[in-house]
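I opened my notebook to get to know this fold, one piece at a time. Come along and look with me.

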Amino acid sequence: MPGPAALSAAAAVALVAALLLAWREEAGPGTGPSKPKLPKLREDFKMQNKSVFILGASGESGKVLLKEILEQNLFARVTLIGRRELTFEEEAYKNVNQEVVDFEKLEDYASAFQGHDVGFCCLGTTRSKAGAEGFVRVDRDYVLKSAELAKSGGCKHFNLLSSKGADKSSNFLYLQVKGEVEARVGELKFDRYSIFRPGVLLCNRQESRPGEWLIRKFFGFLPDSWASGHSVPVLTLARAMLNNMVRPSDKQMEILDNKAIHELGKAHGVLKP
């Protein structure tokens with residue numbers, strides 16, 4: 001019979017094996033040294049020479065997203081689709097294409113949505129600026145029609161900037177419209193559909209909105225742990241959008257809440273599946 005030393009060694013080996021198995025089950029498939037890290041995922045994506053369009057590049061979220069896309073040099077072609085041409089002085093923007101469209105007659109501008117692999121929709125307005133009817137027209141009708149044209153034009157991955165609390169059954173118009181457009185874009189069945197639901201977006205708008213200024217100041221005084229659950233810097237959001245885009249996914253639709261946006265936007269190494 002084996003002696004006590006042999007039994008102890010066998011028990012130790014069994015314990016180590018059990019711990020390794022538990023770690024692998026918790027971590028999930030593909031986790032480990034062989035899983036590509038973020039820089040490799042970006043390089044692999046870049047080599048595919050894809051094309052992207054951005055809706056709402058004149059807004060703070062779209063503006064920062066465009067800057068990050070150009071800095072990371074992820075796409076062979078970048079197109080902005082909007083109601084007016086934007087002016088850029090930096091050299092990095094010289095090859096950005098711009099398509100000026102009339103959102104009231106988007107059917108006449110279907111060609112602007114042709115040939116893009118990825119689309120980002122940061123389009124939106126406010127009820128105070130456009131009124132209730134105008135808000136619904138922009139945040140629901142314009143977004144949905146753009147998504148339809150993008151799908152017809154060959155877009156495979158559609159990214160929608162929505163809002164925390166979006167719910168088509170909500171009694172609040174803002175959240176109701178956001179939830180409704182999420183659902184209706186989902187019915188188009190893109191190969192991949194990513195919905196981002198951030199909390200309060202922390203940014204310095206060129207357009208003055210006193211209410212948002214007060215909210216940003218309020219979050220600035222809160223502990224980071226609490227503030228990060230209900231708000232997110234626009235730069236973190238933009239990076240989360242791109243980090244999510246380059247990581248492989250077998251999900252047809254995914255919803256990323258404020259916590260997930262923070263985690264993805266600050267990631268530098270291996271990304272969780």
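**Entry 1: a helix**

I began with helix H5 (residues 173–186), which has 14 residues and spans 20 Å from its first C-alpha to its last, close to the 20 Å expected at 1.5 Å a residue. That expected span is 1.5 Å times one less than the number of residues. Helices (H or I, at least four residues) and strands (E, at least two) are DSSP runs, numbered from the N terminus.

A note on the source: this is a predicted model, where local features need pLDDT of at least 70 and side-chain atom pairs count only at pLDDT 80 or more, while totals for chains, interfaces and linings use all residues. Residues are numbered from 1 along each chain as its sequence is written, and side-chain values use heavy atoms, leaving out hydrogens and water.

Next I looked up which residues of H5 are buried. They are Val177, Lys178, Gly179, Val181, Glu182, Val185 and Gly186; buried means under 20% relative accessible area, exposed over 50%, partly exposed in between (1.4 Å probe, protein chains only). I found that the buried residues of H5 pack against helix H4 (127–152), strand E5 (157–161) and strand E6 (192–196).

I then turned to Leu65, placed in helix H3 (residues 60–72). Leu65 counts as buried because its relative accessibility is 0%. Not counting residues up to four places away in sequence, I saw Leu65 touch Ile54, Phe120, Cys122, Ala238, Met241 and Leu242, where contact means heavy atoms within 4.5 Å.

I also checked the largest nonpolar core, with 34 residues, where Leu65, Ile69, Phe75, Phe120 and Met245 touch the most other members. Such a core is a set of buried Ala, Val, Leu, Ile, Met, Phe, Trp, Tyr and Cys residues joined through side-chain atoms within 4.5 Å. Helix H8 (234–246) is one of the elements that each supply at least two residues, and H8 gives the most, with 7 residues. Apart from this core I noted another, of 25 residues, including Val101 and Phe190.

**Entry 2: the sheet**

In what order do the strands of the open sheet run? I read E3-E2-E1-E4-E5-E6-E9, 7 strands with parallel pairing; two strands pair if DSSP finds at least two bridges between them. Strand E3 (97–100) and strand E9 (253–256) are at the edges, each with a single partner strand, so one side of each has no neighbour in the sheet. I counted 4 bridges joining E2 to E3, and Thr79 has Asn97 in E3 as its bridge partner.
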